[in-house]
Amino acid sequence: MHIVDGALSNPVVIGGAVAAAGGIAMGLRSLDLDRIPTAGVLSASFFVASLIHVPIGPSSVHLILNGMAGLLLGWAAFPALFVGLLLQAVFFGFGGLTVLGINTLNIALPAVLAGLVFSRLIAHGSPLQGAIWGGVGGAFAIAATTGMVAFSLALSGDAFLPAAKLVFFAHIPVMAIEAILTGFAVLLARKVKPELFVKGAVA
Amino acid sequence: MAHVLGQHENTLVKAGAQRHGAINPLDPRMRIVMAVVFAVVTVAASSLTALCAALAVSLSLLAASRLPWRKTLKRMAMMDGFILFMLVLLPFSMPGDPMFTLWGFPASWQGFWKAVEIALTANAVILSLMVLVGTMEPVTLGHALHRLRCPEKLVHLLMFTIRYIEVLREEYLRLRAAMKVRGFRPATNWHTYRSFGYLVGMMLVRAIERSERILDAMKCRGFSGRMLLLQDFALTRKDFVFAAGLGALCAGLIILDLA
């Protein structure tokens, strides 16, 4: 969900950039030297995960997995996802430059919220319970991201309102898929590496 | 975003690293700064003449860079499905003078021109970004951002991401190949979603274990968090000529927009 340059009004772009800078600063503060490699490798993993196409009916969707990023990274999801968006814009022409801030905010803020709310729930109980909470977290993050994208469009002008609504409803299947995949990913992680979620966010 | 990359195309390895063309010898720092200046000026412009001129500037930068035309323009035009959708919807959602009616829905000229305006801005900015910054080696981008006083930890994170994207992508392809060998064929069913979920989970677990090994290796070599930069950047006359030229064009765009 990359908004392009020129679509949003100036206050939205500037507000988004300021908020994203704040989030990135928070994230960098939470990263000490020992956690930089983990955050960096995870950031690369989420970049690669966004290349995975999952079939849905006759079409397919690509994964965003920002909920999972928030669960594993906490506030560090902000700089990690920002780096991914920057690389996508510069080397693949995806997204835009002045909208980097608002795009980061729309993807990373739901990630951080999902991490804050769900990471503790995922660590407790049986792996299946953890997986269900993981699924809820994954769905929440995508729903919030879509909602924020729609909201930033709607804030920029009433003319975007119909498109914004449609974007939100068109993404409901994506939310379901992200929820299922995040759930299974958490299930596997809980079984294979149980200590992963116990100490909370890795970085 | 995978549709941007072909099946066999490397993610970042082949990106950047342009060896010839007029853009390559320029200082990376200057290229980043000028790309930002150009983007801000273009986004601020609103008249169609100014935006067409901005796109013309981007196209001439592309010509100077000697990047392959077709591939670059294809990437430039690539947008999220929903943004395209929004552009198509704009004439119908914006009130104004009627242009035509489709199934009883009136389309307006105002909405149409707004959509054209957004498309021109988006393409002009992303093309200039790809030509000016995307032609660098990814690692050079990290060094240049560091020299431009980006937070050191953010640059570290960027460098790690650049380094490991290709490694992890190869791991992903290995896992996919293993699934294929066992007869996995993706479809819309529970089995597919469970397999993809496990795939993602496995990739993340392996990534974290890999990062632990990386940290150990770095500590073993006395990593203290300081950036050691192998490249020294120096501004030359060429860079100032380039900056002055592009700066003048940006000023011209502003004047064109106000006129």
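This is a predicted model: local features need pLDDT of at least 70, side-chain atom pairs count only at pLDDT 80 or more; totals for chains, interfaces and linings use all residues.
Which residues line the second largest cavity? The legends below come to that view after the interface between the chains.

Figure 1. Residues are numbered from 1 along each chain as its sequence is written, while chains are lettered from A and ligands numbered from 1 in the order in which they are written. In chain A, 77 residues are in contact with 83 residues of chain B, contact meaning heavy atoms within 4.5 Å. The two chains bury about 7,000 Å² between them, and 82% of this lies on carbon and sulfur atoms; buried area is the accessible area (1.4 Å probe) that two parts lose on being put together, summed over both. On the side of chain A, the residues that lose the most area to chain B are A:Phe91, A:Phe92 and A:Phe94, which together make up 11% of what that side buries.

**Figure 2. Polar pairs and helices at the interface of chain A and chain B.** Three salt bridges are found across this interface, a salt bridge being a side-chain nitrogen of Lys or Arg within 4 Å of a carboxyl oxygen of Asp or Glu. A:Lys193 forms a salt bridge with B:Glu212, and their closest N and O atoms are 3.8 Å apart. Among the elements that give two or more residues to the side of chain A that touches chain B are helix 1 (10-30), helix 2 (36-49) and strand 1 (53-56) of chain A; helices (H or I, at least four residues) and strands (E, at least two) are DSSP runs, numbered from the N terminus. Helix 2 of chain A gives the largest share of that side, 13 residues.

**Figure 3. The largest cavity.** The whole structure holds two cavities of 30 Å³ or more, a cavity being a set of points on a 1 Å grid over the protein atoms alone where a 1.4 Å probe fits but cannot get out, and lining residues having an atom within 4 Å of a point. The largest cavity has about 220 Å³ of space, and of its 15 lining residues those closest to the centre are A:Ser50, A:Ile64, A:Leu81, A:Leu85 and A:Gln88. Helix 4 of chain A supplies the largest share of this lining, five residues.

**Figure 4. The second largest cavity.** About 40 Å³ of space lies here, and the lining consists of A:Val4, A:Gly93, A:Gly95, B:Met76, B:Met78, B:Met79, B:Ala122, B:Asn123 and B:Ile126. The largest share, three residues, comes from helix 5 (residues 109-132) of chain B.

**Figure 5. The largest pocket.** This pocket, an open set with protein on both sides within 12 Å along at least five of seven lines, has about 730 Å³ of space. Of the 29 residues that line the largest pocket, A:Phe82, A:Leu86, A:Leu97, A:Leu100 and B:Val36 are the closest to its centre. Helix 1 of chain A gives the largest share of the lining, six residues.

Note on methods. Side-chain values use heavy atoms; hydrogens and water are left out. A polar contact is a pair of N or O atoms within 3.5 Å; within protein, one must be able to donate a hydrogen and the other to accept it, and residues adjacent in sequence count only if both atoms are side-chain atoms. Grid points are joined across faces, edges and corners, and a volume is the space filled by probe spheres set on the points.
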